[in-house]
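Thanks for making the time, everyone.

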Amino acid sequence: MILFRFFANRPRIFCLAALWVFVAGSPALFSDEWRPRHALVPPTGVMNLTEPAAPADVLLPGPESPASAEAWRAEENAWREERLRRLRYDGSEYARPELAWTGRVYSQVQMLIWDRMFFDPEKNQYTVGRFLADVEGRIGPIDAVLIWPLYPNIGADDRNQFDLIRDMPGGIPGLQRMVDEFHARGVRVFFPTLAWDTGTRDEGAPTATALTELMAQIGADGVNFDTLEDVPTSFRAATDAAHHPLALEPQFAIRDESLAWSTISWNDWVTWEDTPYPFVPMVNQAKWLERRHTINVTDRFTRDKTNSLQHAFFNGIGYATMENLWGFWYGMTPHDAEAVLRFTRIERSFGEVLRSADWEPYTATLQSGVFASRFPDAKETVWTLVNRNEYEISGEQLRIAHREGMHYFDLWHGVELSPEIAAGKATLRFSIDGLGFGAVLATTGSPPRFKKPARVYGRAFQASPERLLARMVLSAANNRRDPGDEACRVRPAGHDSHPGRRFRFQRSGHRDRRRQRSRRRRPVSLGKFSAPFPSPANAHE
């Protein structure tokens with residue numbers, strides 16, 4: 001009654017509009033289909049995810065000048081010893097044979113289950129070989145893949161993060177086969193977990209237990225902890241109880257005692273996009289504290305990834321590549337892709353050396369703006385160098401203690417160096433591209449070799465264009481001849497069995513679906529075609 005009184009006091013047009021809105025919205029208002037069956041906020045009512053750390057919280061600023069580098073190392077070594085003592089640090093997890101592989105992850109890729117390179121919807125099967133051929137053809141061999149089936153789908157219905165993994169094509173058996181295929185190609189497999197998935201269907205078991213059991217079923221190797229910088233001990237306890245040790249990889253740099261049971265982590269720069277990186281490269285705290293800890297730097301939205309790439313190589317750590325960002329393509333430039341290919345190949349070849357307990361960042365160089373880390377062991381030494389200048393630096397780069405029988409190699413260019421020996425010192429000459437990389441090996445062994453200098457690869461970001469595929473849909477009134485539709489009455493080449501038949505072409509998209517619902521839609525006038533069309537038997541909606 002109140003509703004009709006309201007309408008009676010309003011102009012007719014307004015009343016009709018209001019009535020239409022009310023009727024149109026009624027199904028959404030009263031339908032039960034999409035109504036959440038869970039609380040819309042955490043049970044405590046508090047959103048308790050921590051703020052990601054700033055660079056200064058997880059990275060160590062470098063010395064003010066080359067002359068103060070020795071004092072810097074002494075001060076930071078003292079801080080390291082005190083920090084480990086305060087953490088009551090126990091590094092025994094790094095000696096576990098089951099987790100030794102985590103120390104060899106230098107190149108990791110996050111990919112989406114919807115990626116067309118990864119899954120063929122026509123054959124309903126995973127295409128692991130095609131995916132790896134594409135990505136490894138650009139950035140070189142990868143050591144691990146993070147398969148992402150959760151965001152942005154989670155929350156659209158009541159399914160939790162475990163349901164979304166189980167619902168992937170093929171179910172558990174299909175996932176097992178897919179993981180086995182990655183393993184056969186030497187690639188470890190990670191899946192994500194979401195600490196903020198607190199409002200979907202209750203799994204009926206603690207997250208750590210449910211996640212471990214699911215990963216064991218699939219045969220996965222590790223878990224990436226989205227939005228977290230530390231992993232609760234309950235996850236390590238659950239993996240041990242299940243006799244399926246998993247690599248526990250937080251998204252952000254570790255700052256607490258979880259360094260003891262997380263042998264691998266990301267250093268995600270996603271929250272630092274507007275934060276300038278200093279001219280003097282910084283040292284990763286987690287790597288400084290535990291030289292055996294594996295770190296993969298990632299910098300998803302930045303098109304020129306020079307800073308994050310140089311930071312990774314200066315620290316002797318790996319890189320996580322993210323190109324398909326939930327349907328948006330942020331492909332690596334040819335230059336950055338080549339940089340990842342080269343320095344991860346170098347790191348993979350000398351991984352044990354790069355875990356040296358005697359790591360010496362900011363070791364002496366002979367050129368201004370060129371910074372080097374020195375990684376020595378008993379038999380050989382590796383230097384990783386970055387040129388922070390925008391121009392090429394050539395000439396004398398390093399002057400180091402010489403030992404009889406030692407050979408020196410420029411790893412970046414794949415050539416042996418001819419040192420100038422004087423007073424027990426070897427002076428090494430080579431070139432480093434502007435904003436480029438360098439690497440030197442002192443050994444009796446042979447280096448990996450490369451064919452082309454990195455500067456020949458372009459730095460410019462190129463957007464990947466979307467290609468619209470035309471689909472033919474037969475009209476239900478194929479034999480009806482309407483005046484004005486003569487342009488649509490075409491005979492596709494090679495299909496004489498359907499002379500004069502009308503073809504209706506339609507696009508598909510959120511805007512076009514609204515148009516398609518209109519009964520007054522008329523066929524699109526397309527004129528004559530010279531290219532052949534598929535036969536009507538193959539046309540589909």
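**A threonine, a hairpin and a helix**

Let me begin with T102, which sits in the loop between α4 (69-86) and β2 (107-112), and let me say at once that what we are looking at is a predicted model. Is T102 buried or exposed? Its relative accessibility is 3%, and because buried means under 20%, T102 counts as buried.

As for what surrounds it, once neighbours within four places in sequence are set aside, T102 is in contact with A247, T263, I264 and T294. With one of these, T263, the side chain of T102 makes a side-chain to side-chain polar contact of 3.1 Å. A polar atom of the T102 side chain also lies 2.7 Å from the backbone oxygen of L99.

Now let me move to the strands. Strand β19, residues 407-410, is joined by four bridges to β23, residues 437-443, and the two run antiparallel; within that pairing, D410 stands opposite V440 of β23. Strand β19 is also joined to β20, residues 415-417, by three bridges, again antiparallel, and here F409 stands opposite E416 of β20. The hairpin of β19 and β20 has four residues between the strands, and in that hairpin G414 takes a positive phi near 70°.

The last stop is helix α7, residues 171-184. Its 14 residues, at 1.5 Å a residue, should span 20 Å, and the end C-alpha atoms are 20 Å apart, so expectation and model agree. Which residues of α7 are buried? They are G171, I172, G174, L175, M178, V179 and F182. Viewed down the axis of α7, these buried residues fall within an arc of 160°, so they line one face of the helix.

The elements covering the buried residues of α7 include β4 (125-126), α5 (128-139), β5 (144-148), α6 (161-166), β6 (188-194) and α8 (207-218). On the other side of α7, R177 and A184 are exposed. Finally, just after α7, G186 takes a positive phi of about 75°.

Key: Residues numbered from 1 in each chain as written. Predicted model: local features only at pLDDT ≥ 70, side-chain atom pairs only at ≥ 80, totals over all residues. Heavy atoms only, no water. Buried < 20%, exposed > 50% of the residue type's maximum accessible area, 1.4 Å probe, protein only. Contact = heavy atoms within 4.5 Å. Polar contact = N/O pair within 3.5 Å; in protein donor to acceptor, adjacent residues only side chain to side chain. Pairing = 2+ DSSP bridges. Expected span 1.5 Å × (residues − 1). Arc of directions from axis to C-beta.
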